[in-house]
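Hello,

Please find the structure below. My notes on it come after.

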Amino acid sequence: MLVPPYVLAWLVAGAEVTIKMTLMSAGLGFPLGIVAGIARLSRWRLVRLVTGVYVQIFRGTSLLMQLFYFYFVFPFLGLKFDATVIGVVALGLCLGAYASEVVRGAILSVDPGQRDAAIALNMKSWTAMRWVILPQAFVAMLPPFGNQVIEQLKATSLLSLITISELAFAGKKLLQTYGQLSSIYFLVLVMYFVMNMPLSLFSRWLERRLSKGLHLGRVE
Amino acid sequence: MIFDIHYMIEIAPRLLAASVVTVEATVGGIVVAIIVGLLLAIARLSPIRPLRLAAGAYVEFVRMTPFLVQLFFLYFILPLYGVTFGPFETGIVALGLNYSAYIAEVYRAGIQGVPRGQWEAANALNLSPARTWISIILPQAIPPVIPALGNYLVVMFKDTPILSTIGIMELLGRALQEANMTYRFFEPLTIVMLVFLALSYPSSIFVDTLERWFKRK
Amino acid sequence: MRFDDTPAVKLQGVCKSFGSTKVLDNVNLVVREGQKLAIIGPSGSGKTTLLRLLMTLERPESGTIEIEGELLGVRSVRGRPVRDSDAHLRKVRSMIGMVFQQFNLFPHMTAIANIMVGPLHVLGMPRTEARQSALELLDKVGLSDKADAYPRELSGGQQQRVAIARALAMHPKIMLFDEITSALDPELIGEVLKVVRDLSRETNITMLIVTHEMSWARDVSDRVIFMDHGAIEEDASPDVIFTNPTSERTRAFLSAILER
């Protein structure tokens, strides 16, 4: 399984784009998820409803379909965007929907007594959220967020279908140009594995640290 | 015009027919996944070290690589080894093998949830490993994880459009085919979205109900 | 317009159910300013719910609650009751503080930060002033040396004392104590009871105390009510209730409790 240097260079360039797209879409998706997660618990029914619809649509449909929707339909509506922008936006919105469920669950898992104490101190909703609830919920959010970064990195492979030259696209191009099928594709798989490995290890380390060290939540 | 509702109604039957392919692929995939997943889970808990490590490595590798790339990989290498599957069969195998890694973890959680005492009792009664698994452990391990399995069924359903990349004419593939003929994308893709929503919303409620029902047992 | 005899707390016809269980049944109660009221009774009698309604942690199904003459959670618009605005609710609520059975300290903040968070972010006090005031309160409850300790580093009794200081930092006119020693180990109860007793002697804060500590209740309060099945069964001075209660049920409850 000899791999010529130019093949490797091409794949590494693709991997760089993969990482870039992962970071950018995560940079959109996680903050969006936090906002949406809080919004789903809002006092105002309209806010809950609108956010609920957003979450239902992006969690209930296929990511690939969402990607194509943005890619093909936007030009019709007069919105002419670069493929990269579309990719980041689509992946970001999808991540935001999944992340919002994690955030919502984390907020609900905080001891209800904390909410009682915040009300007893006459805190406004947002004050309680900012100083009491969110800091405690945050710890519960980190391990699932870690997993979602891994999923996001894998999801960037779909961007190859809208002509973004990330790793999967690079692999496909090489196949078309040079043949030598299985070894190239296996190398692509290995590269994804190598990129995800540190994330996975870090996520698991984080989970262990959090369940052991920081006793945030219940007061003993 | 931007959106032609008449066109949408016209193509709807054709696209809905393609949904059948989606369902077939999902069913095929889940069947492969739950069988292979179970074998993997048992292998992961096996006393035979090479088996345990091999299964573990497989699960890790599959979970950390994208399905699209796995699909293409199988599509290209299987023929090299003389396996002449059509795209549809390849798709089912790819789905099944991918999800088996996740489902193996689900089984593992269920199996580890069976109290230690059950294993010891089976041992005391001198039951063979096979009998222990089939009659004692699995009947207790599987019911609690059925909601999780149901959840993966829904997730797999949402992954089937990826199969269109190797030519399987499931819902999204058919929709794009239609769109490429008429250059109208909005209507076909909207149908795809509506079909997915129509199927995923009740399914998630169904899975929630399953979860509550099993919690009570 | 306020007259001197506006009651601190007034409940009229208050009812509350959880599901099919009626927890408070047509409760009427008037508490004068500065009064120290002990509330005793078996579990499930509605004592905690009563306090939670006053603290706006629950809403009554029917009836009205007045705090210092102001309707709680309800506004009168042209003579008809209407759901209260946020601003008005918080204005009324600012007069009440509560100490909980489970302490409910914020685990991600030190003791002094717990006490400061209300004055800083709700009262808008400047940081130095809030810190100074918090240190004084810590001193008052006997925990000056524990200012920078986290709740998990403190004993139950210490945590509860911090919780009392935290509630006092908001300068409430009315303090609610919900079985504040029930979750404590026996040897830690005394230090908490002492703090509250000193509080009752030194301030004019209206206090409503739900407790099972009978001798302390007798010592701290100037009025006792016995609740049973969601209603006030008996309402008298400590001497009367503890030595010669009129109601048969009060008698039965007290003898069962004091038997131990």
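The notes cover a helix pair, a sheet and a chain contact.

This is a predicted model, where local features need pLDDT of at least 70, side-chain atom pairs count only at pLDDT 80 or more, and totals for chains, interfaces and linings use all residues. Residues are numbered from 1 along each chain as its sequence is written, while chains are lettered from A and ligands numbered from 1 in the order in which they are written.

Helix pair. In chain C, the axes (lines fitted to C-alpha atoms over the stretch in contact, with angles from 0 to 180 degrees between N-to-C directions) of helix H5 (residues 156–168) and helix H6 (residues 186–202) come within 8 Å and cross at roughly 15°. Helices are DSSP runs of H or I with at least four residues, and strands are E runs of at least two, both numbered from the N terminus. H5(C) and H6(C) are therefore roughly parallel (angles under 35 degrees). Gly156(C), Gly157(C), Gln160(C), Arg161(C) and Ile164(C) of H5(C) meet Leu188(C), Glu191(C), Val192(C) and Val195(C) of H6(C); contact means C-beta atoms, placed from the backbone, within 7 Å.

Sheet. Chain C has an open sheet of 4 strands in the order E2-E1-E4-E5, with antiparallel pairing (strands pair if DSSP finds at least two bridges between them). Strands E2 (21–31) and E5 (70–71) of chain C are at the edges with a single partner strand each, so one side of each lacks a neighbour in the sheet. Strand E1 (residues 9–18) of chain C pairs with strand E4 (residues 62–67) of chain C over 5 bridges, and Val9(C) has Ile67(C) as its bridge partner in E4(C).

Chain contact. On chain B, 29 residues are in contact with 31 residues of chain A.

Regards

Conventions
Angles under 35 degrees count as roughly parallel, over 145 as roughly antiparallel, 65 to 115 as roughly perpendicular and the rest as oblique. Two residues are in contact if their C-beta atoms, placed from the backbone, lie within 7 Å.
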